[in-house]
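Please open the model in your viewer and keep the selection panel at hand. The tour below moves from one selection to the next and says what is there.

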Amino acid sequence: MKKEFTFLITILLACTVLNAKDKGGITKTGYNLGPLPAIAYDADKGFQIGAILQLFNYGDGSNYPNYNSKTYFEYSFFTKGSHLIQLRYDNRTLIPGVRWSSSARVILDKAFDFYGFNGYQTYYDHAAVAAGKDKSSRDFIFTPFYRYQRNEIKLKTDFIGDITPNFKWEAGLFFDYYKTGTIDYDNVNKGKEEAKQFPKIPTLFDIYKTAGIIAENEKDGGYAGGLRAGLVYDTRDKEGAPSRGIWAEGHIAAALPGISKIPYYRYSLTWRHYLPIVTDDVLTFAYRLNYEGNFGNKAPSYALPYITNMGERCDFEGMGGFNTVRGIMRTRIVGLDMATYTAELRWRFVKFQLGKQNIAFAANIFSDGSMVTRGVDLSRLAALTGSKYRVYGQDKDTPHITFGAGLRFIMNENFIVAAEYGMPITHLMKNSPIYNQDGTGAFYINIGYLF
């Protein structure tokens, strides 16, 4: 952790001296290709190896810094065992007055994170996991205790149309398929020395199934299809890296009977606000408030660890991780209803033109937070005594809060590479019962701003 923060601070101080003044931006036209080797790192997934290709079409440049259309393709595999294939397409000019976005994503994950439901109501035994890594104790949990197999296919197409220049409607179709199951110890242990193999103990996912929290008809996964609809208010000056305006959104998602194994109905409310402190994109304060809710008291467990998203991108995995709460373990905060915030100060300290490209470097400091406001019924978990390990934590969830900093490379306002480090405040609370309940921090190399 100290090394990452020292690196960030050193870069920021050095670049303050090198701060360059903008000489007037280049208006981009036509096609702009952005190939990128996907050599990155995500603390939740491990090192990423693959390739990303982004093709932007700026047309005659009249919409710049926004594009007319964008095509995104990615194939990656991660050292912690997952594979990702995704294709996204976004077009704002093909249908007059309507923006059309579609995406397809396949994730094959042999060891997806599973820390239970309701945040701190499920106990994360960080001490036993740490002991298992160096085998310093006979009473330990190996990392696979908090993993399970999860494969997914997500398909969707969305349309966003004008009611007024800033007020818009949203409508879309989606289909999701999930295959879940207990971690395959034989596959995970393949090729390992006997002394380094993981013991075949019941995982937290198995305990949830035994307790009936994950029901029989959802333990192996399922499928869901249906409709999404909503309203948007958008006054951003630009989309890729906005510096002023409001972006507010509310939508519902209905997984309908007949095309869904278990029907469910969810809603999402999001307020995003960008406030220029120093104009010309130099210093911006941005914040996001989000509430994800469920109509009724039940939704299938395989659909809960996702944040619904309209537009080109597929649903985010959350809460926890790069796209939602940086610095907290992926899917640490999962419930029927969840409230989340992000507050961020963005400083663009260098910008210039190079080879007919608009280039900028930016830094940011941030704080993210989330909590479950309405949880899954875990009363059976509290009464469970069959597990050797503690699995029930607090009686209710409380806020999970992180802080951190990062750097970004920005080309033509839309191609953005990010490096960030986040730490949960619980890592500093050594005498608290929630000490290290969110992990010890995480470093990310990824693409774009969170919002």
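**A buried glycine in a loop**

In this predicted model, begin by selecting Gly318, which, when residues up to four places away in sequence are not counted, touches Pro305, Tyr306, Ile307, Thr324, Thr331, Ile333 and Val334. Gly318 sits in the loop that runs between strand S14 (316-317) and strand S15 (337-354). Because its relative accessibility is 0%, Gly318 counts as buried.

Next, select Glu170, which belongs to strand S8 (residues 167-181).

**Helix H4 and what follows**

Now move to helix H4 (residues 204-211), which is mostly covered, with six of its eight residues buried. To see the buried set, select Leu204, Phe205, Asp206, Ile207, Tyr208 and Ala211. With these still highlighted, show strand S7 (147-162), strand S8 and helix H5 (379-382), against which the buried residues of H4 pack. Finally, step just past the end of H4 to Gly212, where the backbone takes a positive phi of about 80°.

Terms used:
Residues are numbered from 1 along each chain as its sequence is written. This is a predicted model: local features need pLDDT of at least 70, side-chain atom pairs count only at pLDDT 80 or more; totals for chains, interfaces and linings use all residues. Side-chain values use heavy atoms; hydrogens and water are left out. Helices (H or I, at least four residues) and strands (E, at least two) are DSSP runs, numbered from the N terminus. Buried means under 20% relative accessible area, exposed over 50%, partly exposed in between (1.4 Å probe, protein chains only). Contact means heavy atoms within 4.5 Å.
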